[in-house]
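These exercises concern aromatic ring pairs. Work through each task before reading its solution.

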Amino acid sequence: LLMARVLVYSIALVAFLGGSSPPDVENPPHQPTHANNHQATALTLTSIFLPYWLTIDSPITPDDHLRITYGLHRACSSLTNSCRPFPSSIDCQSPSSDGPDFCTMWRSSAFLMSFTGILEIATIITFGIILAGGLQKRAQGWKVLVGLMGVVVLGQVASTAMVAYLLDYDERFFPGWELGKSWVMGTISWAVVLCTAGGVGVASYLLPPEGGYELIPSERANN
């Protein structure tokens, strides 16, 4: 049992890095292909950069479709085969939506996802510090880890919830608009982090102190 906490942290780190593969995505105009990655952090970062939070695919002719996708920072259209910064000042002044309220919520969602992406990287570093540290770091470090991952979960839940709310209640989104694959990635990311935090917290709380299983120097000499 001496290395039980090391095992717990190692399994948790694998789970945190293991996560789930991002779903396959189609490329928006001028968007390079992104290889699948198996990290919760990569899911977060990919969801930030790929413009697939909200999408609509509407047939124009039997052989042609109009596809519009909204990302946290870009909007892309198959009509122009290009992407533009989003939301723009024109988007914020649109009379067919909540205007400034829409932009405030959308930008808040983007900020929260970016912030939690940084926190996920900090969490990975914290895992490394704890695993490389001594008994005290392993005994107390879980509190820092669970705290960091808790903030990540809260931020990402709020971010994905705001986008889902706008889809339901902002008038610019008529029937046909739907949550995209980047939104799914963000949701999977916080679900993985939540499970990891719960596992670390429960296991670390229930495990006996490592020090109780170590021989004192005099006993080591006698042995």
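The model is predicted: local features need pLDDT of at least 70, side-chain atom pairs count only at pLDDT 80 or more, and totals for chains, interfaces and linings use all residues. Residues are numbered from 1 along each chain as its sequence is written, and side-chain values use heavy atoms, with hydrogens and water left out.

**Exercise 1.** Classify the ring pair of Y70 and W106.

Solution. Start with the rule: rings of Phe, Tyr and Trp (its six-membered ring) pair if their centres lie within 6.5 Å; planes under 30 degrees apart are stacked, over 60 edge-to-face, and the rest tilted. This rule gives 11 aromatic pairs. For Y70 and W106 the centres are 6.4 Å apart and the planes stand at 85 degrees, so the pair is edge-to-face. Next, locate the residues on the DSSP runs, numbered from the N terminus (helices: H or I, at least four residues; strands: E, at least two). Y70 is in strand 2 (residues 64-70) and W106 in helix 4 (residues 100-132), so the pair ties together parts 36 residues apart in sequence. Both Y70 and W106 are buried (under 20% relative accessible area; exposed is over 50%, partly exposed in between; 1.4 Å probe, protein chains only).

**Exercise 2.** Classify the aromatic pair of Y165 and Y169.

Solution. The centres are 4.7 Å apart with 35 degrees between the planes, and the pair is tilted. Y165 and Y169 lie 4 residues apart in helix 5 (residues 135-169), so about one helical turn separates them. Y165 is partly exposed at 41% relative accessible area, while Y169 is exposed at 56%.

**Exercise 3.** Which residues do ring pairs link into a cluster with Y70?

Solution. The cluster consists of Y70, F86, F102, W106, F173 and W177.
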